[in-house]
Amino acid sequence: MFEGLLKGRSVVITGAGSGVGRAASDLFAHHGARLICADVQEEWLAETVSLVTSAGGEARAVRCDVARRADVQAAVAAAVEAYGRLDVMYNNAGVASPSSDGGRMAKFVDNTDEQMDRLIAINMRGVMYGCQAAIAQFRAQGGGGVIVNTASVAGMIGWGGVLYSSTKGAVVNMARALAMEVAAENIRVNNVCPGTMITRFGAGARGPLPDNVVENMAKLQPLGRVVDPMDAANAALFLASDMSVNITGLNLPVDGGLSAGR
Ligand SMILES: NC(=O)c1ccc[n+]([C@@H]2O[C@H](COP(=O)([O-])OP(=O)(O)OC[C@H]3O[C@@H](n4cnc5c(N)ncnc54)[C@H](O)[C@@H]3O)[C@@H](O)[C@H]2O)c1
């Protein structure tokens, strides 16, 4: 019943080399999307593309640093070159709050200009570049189009470190404001807001986590489970597809109830 939700759609996914981006590449391709998988990490990207193509899907890798406008524009151009158009832009790439030397999250008062610039450039400006590049292409092909961003529950509540929470909060409200600006052109803008996931992100970057750490991460969610990257990808699929044709400006939590209250 739910096969082929993105049949024939041309989709760019940033941060496609790992975590949510890889899960979404797998899922979207399974639903018939034709993909441009974009990431700074070329080896991870190659693994994602191989995963998709070996399962019969269509995907091409594009090295892209979302903090660079020209790279993001090139990823959109690659979709147009390969598939003739762009239907869905999924701005998913993101990085965690910086760590201090001891591996714990650095305190806000200690955050340096470089740390602030990095998080703003990737998590905030990178999404803005993706939205701008997509909208320009949507207009060039006559209007209509879908933008999905990965924000975070950290953009809805004060959580995940001040820098990270600030950049994700910006993405949360950007989707609302941008949705208003482009609704008349039938361009939809929505965010997926995941809770705690175990990916290469943050603490996961240092390798597999001990069981007790995972158990504590699970307990953060009222439902008692860490969020699987595929949970977030499922929400992104819903927002990218015609299933959500009358939904725009939404921040959809995939957080086991974390943002709903205590
Ligand atoms: N892991 C969590 O707990 C969690 C929770 C909520 C939201 N998120 C968000 O989910 C999204 C995906 O994160 P993930 O958990 O899958 O992490 P991940 O680290 O597994 O994947 C992120 C991907 O983004 C890529 N990337 C990083 N900087 C980039 C850049 N400048 N340009 C292009 N690609 C870049 C990385 O190479 C990596 O492949 C991020 O936006 C993150 O903020 C993560």
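The points below go from the overall fold to the aromatic rings.

1. This is a predicted model, where local features need pLDDT of at least 70 and side-chain atom pairs count only at pLDDT 80 or more, while totals for chains, interfaces and linings use all residues. Residues are numbered from 1 along each chain as its sequence is written, and side-chain values use heavy atoms, with hydrogens and water left out.

2. The protein chain has 7 helices and 7 strands (DSSP runs numbered from the N terminus: H or I of at least four residues, E of at least two). Their order from the N terminus is β-α-β-α-β-α-β-α-β-α-β-α-α-β.

3. Of the 262 residues, 48% are buried (under 20% relative accessible area; exposed is over 50%, partly exposed in between; 1.4 Å probe, protein chains only).

4. The whole structure holds 2 aromatic pairs (Phe, Tyr or six-membered Trp rings with centres within 6.5 Å; planes under 30 degrees apart are stacked, over 60 edge-to-face, the rest tilted). Phenylalanine 28 and tyrosine 90 are stacked, at 6.0 Å centre to centre and 25° between the planes. Since phenylalanine 28 belongs to helix 1 (residues 19-30) and tyrosine 90 to strand 4 (residues 88-91), the pair ties together parts 62 residues apart in sequence. Both residues are buried.

5. Tyrosine 164 and phenylalanine 201 have ring centres 5.4 Å apart and planes at 65°, so this pair is edge-to-face. Tyrosine 164 lies in helix 5 (residues 162-182), and phenylalanine 201 in the loop between strand 6 (187-194) and helix 6 (211-220), 37 residues apart. Tyrosine 164 is buried at 10% relative accessible area, whereas phenylalanine 201 is partly exposed at 32%.
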